[in-house]
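Here is a report on one predicted model, written for reading beside the structure.

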Amino acid sequence: FAANSKDLWHGLAAHPNDDQAKSISGFNGVRDWELRRNVDEAVSACRAAVSANPDKPRYQYQLGRALYHAIQFPDAIKNLQAAADKDHASALATLANWFSLPRAGLTRNDEKAFKLRLRAAELGHSRAMQAVAENYWQGIGTQKDRGKAISWNRKAFEINLKRAVAGDTQAMRSVSSYYEYPLGKAIDEQK
């Protein structure tokens, strides 16, 4: 974990797909199973970080993530929503997933999930871009629009391709699965 207490929360709760966390230290993040192993320590460290920096959405996002794994859903939602209200892309994307699956005691709401996901995509979140493309392709939470679906999927692919070339293994998996799905094939046919 991180060498000093100031960064301990980051080493315990930063998500591997949170670009805002990666950009700070080059840290690859903590997978869900790793977070669950140290969940009490992560919650404590994240609470301290949020208490010292209440206006930092990344801190609120990571606290929300830790609280989710500690099965403290109301507080997890509260912190994720606070981060989402400040346009934290990963918080928006996470809440979208929780509304579409549903999780953390939320009721399924495809329209709300789509709106949250679209905002995360507009902020550059590549996984949200892929999900928005799928929503447009299938008409989930929005009207079916194959043109918008292809456009969003192309944007996500281009971002992931750059990241994959730079060595990001998560992006490599996204790129490698690209042609397995109808949406990827539709884009390829347009070339």
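Leaving aside neighbours within four places in sequence, Val132 is in contact with Phe114, Arg117, Leu118, Ala121 and Trp152. Contact means heavy atoms within 4.5 Å. Val132 sits in helix α9, residues 126–138. Helices here are DSSP runs (H or I, at least four residues), numbered from the N terminus. Val132 counts as buried because its relative accessibility is 0%. Buried means under 20% relative accessible area, exposed over 50%, and partly exposed in between (1.4 Å probe, protein chains only).

This is a predicted model: local features need pLDDT of at least 70, side-chain atom pairs count only at pLDDT 80 or more, and totals for chains, interfaces and linings use all residues. Residues are numbered from 1 along each chain as its sequence is written, and side-chain values use heavy atoms, with hydrogens and water left out.

**The nonpolar cores**

Which residues touch the most other members of the largest nonpolar core? They are Trp98, Val132, Tyr136 and Trp152, out of 43 residues in that core. A nonpolar core is a set of buried Ala, Val, Leu, Ile, Met, Phe, Trp, Tyr and Cys residues joined through side-chain atoms within 4.5 Å. The elements giving two or more residues to this core are α4 (39–52), α5 (57–69), α6 (73–85), α7 (89–100), α8 (110–122), α9 and α10 (146–165). The largest share, seven residues, comes from α7. Apart from this core lies another, of five residues, among them Phe157, Ala164, Ala171 and Val175.

Trp152 has its own set of partners. Not counting residues up to four places away in sequence, Trp152 touches Leu118, Ala121, Glu122, Met129, Val132, Ala133 and Tyr136.

**Helix pairs**

Two pairs are set out below. Axes are lines fitted to C-alpha atoms, for helices over the stretch in contact, and angles run from 0 to 180 degrees between N-to-C directions.

| Pair | Axes come within | Crossing angle |
|---|---|---|
| α6 and α7 | 8 Å | roughly 135° |
| α8 and α9 | 8 Å | roughly 135° |

The angle makes α8 oblique to α9. Angles under 35 degrees count as roughly parallel, over 145 as roughly antiparallel, 65 to 115 as roughly perpendicular and the rest as oblique. The crossing of α8 and α9 is left-handed. A crossing is left-handed if the near helix is turned anticlockwise from the far one by less than a right angle, and right-handed if clockwise. On the α8 side, the contact is made by Phe114, Arg117, Leu118, Ala120 and Ala121. On the α9 side, Ala128, Met129, Ala131, Val132, Asn135 and Tyr136 take part.

The crossing of α6 and α7 is also left-handed. Here α6 supplies Ala76, Ile77, Leu80, Gln81, Ala83 and Ala84, while α7 supplies Ala91, Leu92, Thr94, Leu95 and Trp98.

Helix α8 has 13 residues and reaches 18 Å from its first C-alpha to its last, close to the 18 Å expected at 1.5 Å a residue. The expected span is 1.5 Å times one less than the number of residues. Buried residues in α8 are Asp110, Ala113, Phe114, Leu116, Arg117, Leu118, Ala120 and Ala121. They pack against α7, α9 and α10.

How many of the 13 residues of α5 are buried? The count is 12, so α5 is largely enclosed by the rest of the structure. The buried set includes Arg58, Gln60, Gln62, Arg65 and His69. The end C-alpha atoms of α5 are 19 Å apart, which agrees with the 18 Å its 13 residues should span.

**Backbone exceptions in the loops**

Most residues other than glycine have a negative phi, and most peptide bonds are trans. Ile71 has a positive phi, near 60°. Ile71 lies in the loop between α5 and α6. With 63% relative accessibility, Ile71 counts as exposed.

Asp87 is not a glycine either, and its phi is positive at about 60°. This residue is in the loop between α6 and α7. Asp87 is partly exposed, with a relative accessible area of 32%.

The peptide bond from Leu101 to Pro102 is cis, with omega near -25°. Pro102 belongs to the loop between α7 and α8.
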